[in-house]
Amino acid sequence: MNVLVPQSTVLGLIWCAIAGLPLTGSALTAQDNDARKLARKEATRFLTYLELPARRTEGAMGLLQIGEHAVPTLMRGALHPDPAIACMSMQILGELGTAAMVAEGTLHKLSLSEDPVIASAGGWAKIRVRNQGAFLVTDYSKGRVLEYTPTENKYESKVVLDGINSAWDAERLGNGNYLVTQYSANKVVEYDADGKVIWEFQDLKSPLDADRLPNGNTLICDTQGGRVLEVNPKGKIVWTHDKLKQPYDADRLVDGNTLITEYGKRVSEVDAAGKIVWEHKINDAFGADRLPNGNTLITAYSSREVIELDAKGDPVFTISGLQSPNEARRLANGHTAVAESKMVRIFDAKGKEVHKIAVVSRPGTINFH
């Protein structure tokens, strides 16, 4: 039997451990155990790469691709004496979502740390590993943030914030608060559950997206200001990438790079110095997410589709015929949720619609927790 093994990947090592004649019973269990040992050995190696800037991307992506078998190693990484490595480990745990549920207790303890950076990263990851399928959408026209929670047969909705001028993007934070991007009000605000302002940043021109980072800083798309900036809790800008064409969406990746969507131009990945290390030319991208497998999920507004691209920029999955899609999210079960006009639709791995949820007139973005 000839086996083609991907070189230098944990997937190849695991396949080597289980390839061969069909196995049953204790032999199959032994092979499975061997595969787990190989995966954890690889995870330990990839964790050391996080300490090496030149190999950080390889390490982060390797840990993501190993998945649940990397969780014990990442839990050790979360206790690393270097806060940067600890934060990266916790971010990878958060990106793994419910596959890392076993780490919730450790992350909860870390969220109570006296070190504000560690506490922030612990809370950030904790809310993601215990993802229950609830999601937030914003009602831009009525100034509301709504939460949709799955029940046995449907999603139940409730207004969690009201009277929020021009809310476009909202995410639930690890501390239970909400981070809201307010487009026409030119600001990003953190509100508590009672609508009290906890933190805000106003030096903006029509922002469309903001993410609270594991280190406690906030990454903001200053859309009409043509820049993406990282702001610390004191409101100081600690990183900026400017001269952009309408940045609509930005995500900080696990290796420290930043994925940026420029409407009318491209989706690009830039390093800390602002150098482009990957890009895809596209005129109508509203949002983009880097997936754990290294592919990029792009929401194309006027093309009415969601496209998954591999590292070379070739399409490997497409959902077409959408209605004004603003954003898409890949779920833990492999399904894809898309925020469209008056609804959120969920599609399976073959692009077949499996669920439709009627929501507000036009949800700006969708964030699960």
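Predicted model: local features only at pLDDT ≥ 70, side-chain atom pairs only at ≥ 80, totals over all residues.
Residues are numbered from 1 along each chain as its sequence is written, and side-chain values use heavy atoms, with hydrogens and water left out.

- Strand S6 (residues 187-191) pairs with S7 in the antiparallel sense over 4 bridges; two strands pair if DSSP finds at least two bridges between them.
- Strands (E, at least two residues) and helices (H or I, at least four) are DSSP runs, numbered from the N terminus.
- S6 and S7 form a hairpin with 5 residues between them, and Gly195 in the turn has a positive phi of about 85°.
- The open sheet has 4 strands in the order S4-S5-S6-S7, with antiparallel pairing.
- Strand S4 (167-172) and strand S7 (197-201) stand at the edges with a single partner strand each, so one side of each is left without a neighbour in the sheet.
- On average, neighbouring strands of this sheet are turned by 20° against each other, direction ignored.

- Ser166 sits in the loop between strand S3 (155-161) and S4, and its phi is positive at about 55° although it is not a glycine.
- With 5% relative accessibility, Ser166 counts as buried (buried means under 20% relative accessible area, exposed over 50%, partly exposed in between, with a 1.4 Å probe and protein chains only).
- Asn186, in the loop between strand S5 (178-182) and S6, has a positive phi near 60°.
- Asn186 is partly exposed, at a relative accessible area of 26%.

**The H6 and H7 pair**

- Helix H6 (residues 104-111) packs with helix H7 (residues 116-129) at an angle of about 150°, and their axes are 7 Å apart; axes are lines fitted to C-alpha atoms, for helices over the stretch in contact, and angles run from 0 to 180 degrees between N-to-C directions.
- The contact (heavy atoms within 4.5 Å) involves Glu104, Leu107, His108, Leu110 and Ser111 of H6, and on H7 Ile118, Ala119, Gly122, Gly123, Ala125, Lys126 and Val129.
- These contact residues divide into 6 nonpolar, 4 polar and 2 charged (Ala, Val, Leu, Ile, Met, Phe, Trp, Tyr, Cys and Pro count as nonpolar, Asp, Glu, Lys and Arg as charged, and the others, Gly among them, as polar).
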